[in-house]
Amino acid sequence: MLLLSTASLALATVPPSDWNHANVQSGADALVAGDFDGDGYDDLIVHSVTGIDLYEGSANGLPAPVSRDLTSGLQQYWSGYPEVPLTLDVDGDGYDDLLLSRSQEFTLVYGGPAGLVTTWVHQVVLPSPVYQVATGDLNGDGYDDIVFSLDNAAGGRIVYWWPGSAMGLVQFPAFSWSGGQVFGTADLAVFDANGDGYDDVAIGGGGYATREVKVYRGGPVAPSSQAFATLQTTQAYRYLGEHLAAVGDLDGDGYEDLVSTVSDAYNGVYGFAVMRGGSAGMSAPVVTPGVDTQDPLIHWIGDTDGDGDDELLVGIPYYDSPAPNPVSNRGVVAVLKLQANNRFTQPSVGDYAMGNTNDNQFGSAIAAGDFDGTGQPDFVGTSPYPGGAASRIDAFYDVP
Ligand SMILES: [Ca+2]
Ligand SMILES: [Ca+2]
Ligand SMILES: [Ca+2]
Ligand SMILES: [Ca+2]
């Protein structure tokens, strides 16, 4: 069922959603996907207005009824600040685990054959509030690790590497990076930039005029303290690194690539930049301008069209659809392809733009996964403010 009045809008290219659900919280932390019970179908956790619900994926996709009510188990740890909940396999057992971060606290909830085990959670209290969190396997041992940033008393932030193990997180973080007054003050992402099988970490930071992203290599013993790449835009006041995402291999050359938002000094609306991985370093940012990057979400989705290159999933909640049917802040979720000139296709209302009301803000939360196990990526997005109607989530399976 579509919310749209299709008679009034030229939206023939937007397909009806494959699954929907009413009532969702407004934040970016409303959705989390992962295969918590290891059955090969991704599951979806929804932060709804009534609590936290899990929908188990299956060959039929997501079910209409709630599979498990996780409210009593997770509500006390759930927060969109500083980082939306993340999925990782910290103990390498093949069951996805859930990492919740809140102020000075991490909470790990382990997956297992029966799904997330909320009766025993691992809580970690940090010495000061955490700012940014990312996950991946920097030492290539099969256990996902956590990378996170805390304030540095000497200025800027300290970014820590905390390895996973068969028993979960090891006792203490094992490595850190720091570097002056503005180091690490923006986002983090973990991806394999140089294709050696060890994930690498991108650390954003910088001052008023210039912001940059530094990339450090992972390795079998410890990550490198020397930057593998230092990336800046060529224009002053074009801020790189505010939102970073590991998005897979966008150009199919075997090296994972990095995407950042690029905002300007005034209203945060400018575009997306791609920085391509490589064996000896990373390519300078190439910016696709003209994309509304006010509170965007950039996300891995995989290879949707089967051509060997991964695509980029974006949620742009403040997207305005153009004349002849202008709707401000309706929001759009789009699967963007990297073109030969290293710029992205522009999102348009022909992508997934739901709702026909101003301030609908579709894409305020997004998640990608394979909920129906076909091997073809699926995604979900929220419409938190659909003007008069109940907020809702729409899922689209096997996106082209
Ligand atoms: Ca696990
Ligand atoms: Ca590891
Ligand atoms: Ca690497
Ligand atoms: Ca690449």
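Figure 1. The model shown here and in the following figures is predicted. L62 belongs to the loop that links β4 (51–55) and β5 (68–69). Leaving aside residues up to four places away in sequence, L62 touches W19, L44, Y55, G57, F371 and A395.

**Figure 2. The open sheet β1-β27-β26-β25.** Four strands, paired in the antiparallel sense, make up this open sheet. Its edge strands are β1 (19–22) and β25 (366–369), each of which pairs on one side only. Neighbouring strands are turned by 15° against each other on average, direction ignored. Within the sheet, strand β26 (residues 378–383) and strand β27 (residues 392–396) run antiparallel and are joined by five bridges. G381 has D394 of β27 standing opposite. Strands of a sheet pair through backbone hydrogen bonds, either parallel or antiparallel.

**Figure 3. F379 and the largest nonpolar core.** The largest nonpolar core contains 113 residues. The members that touch the most other members are L31, L44, V147, A189 and F379. When residues up to four places away in sequence are not counted, F379 touches I301, L313, V333, I366, A367, A368, F396 and V399.

**Figure 4. The open sheet β14-β15-β16-β17.** This open sheet consists of four strands with antiparallel pairing. β14 (188–191) and β17 (227–232) stand at the edges with a single partner strand each, so one side of each is left without a neighbour in the sheet. From one strand to the next, the twist averages 20°. β14 and strand β15 (residues 200–206) pair in the antiparallel sense over four bridges. A189 has A202 in β15 as its bridge partner. A189 is also among the residues that touch the most other members of the largest nonpolar core.

**Figure 5. Strand β10 and its partner β11.** Strand β10 (residues 130–136) is largely enclosed by the rest of the structure, because seven of its seven residues are buried. Strand β11 (residues 145–151) pairs with β10 in the antiparallel sense over five bridges. V133 stands opposite F148 in β11.

Figure 6. The secondary structure of the protein chain comprises one helix and 27 strands. Its radius of gyration, 20 Å, is close to the 21 Å given by the globule rule for 400 residues, so the chain is as compact as a globular protein of that length. Along the principal axes, the C-alpha atoms fill a box of roughly 60 × 50 × 40 Å. Of the 400 residues, 53% count as buried. Among contacts between residues at least 6 apart in sequence, 52% join residues at least 24 apart. The mean pLDDT of the chain is 93, and 96% of its residues reach 70 or more. Over residues 1–12, pLDDT stays under 50; for this stretch the model has 18 contacts beyond four places in sequence.

Technical notes:
Residues are numbered from 1 along each chain as its sequence is written. Chains are lettered from A and ligands numbered from 1 in the order in which they are written. This is a predicted model: local features need pLDDT of at least 70, side-chain atom pairs count only at pLDDT 80 or more; totals for chains, interfaces and linings use all residues. Helices (H or I, at least four residues) and strands (E, at least two) are DSSP runs, numbered from the N terminus. The radius of gyration is taken over C-alpha atoms; the globule rule is 2.2 Å times the number of residues to the power 0.38. A residue is buried if 20 or more other C-beta atoms lie within 10 Å of its own, exposed if 12 or fewer, and partly exposed in between; C-beta atoms are placed from the backbone. Two residues are in contact if their C-beta atoms, placed from the backbone, lie within 7 Å. Two strands pair if DSSP finds at least two bridges between them. Axes are lines fitted to C-alpha atoms, for helices over the stretch in contact, and angles run from 0 to 180 degrees between N-to-C directions. pLDDT is the predictor's confidence in each residue, from 0 to 100. A nonpolar core is a set of buried Ala, Val, Leu, Ile, Met, Phe, Trp, Tyr and Cys residues joined through C-beta atoms within 7 Å.
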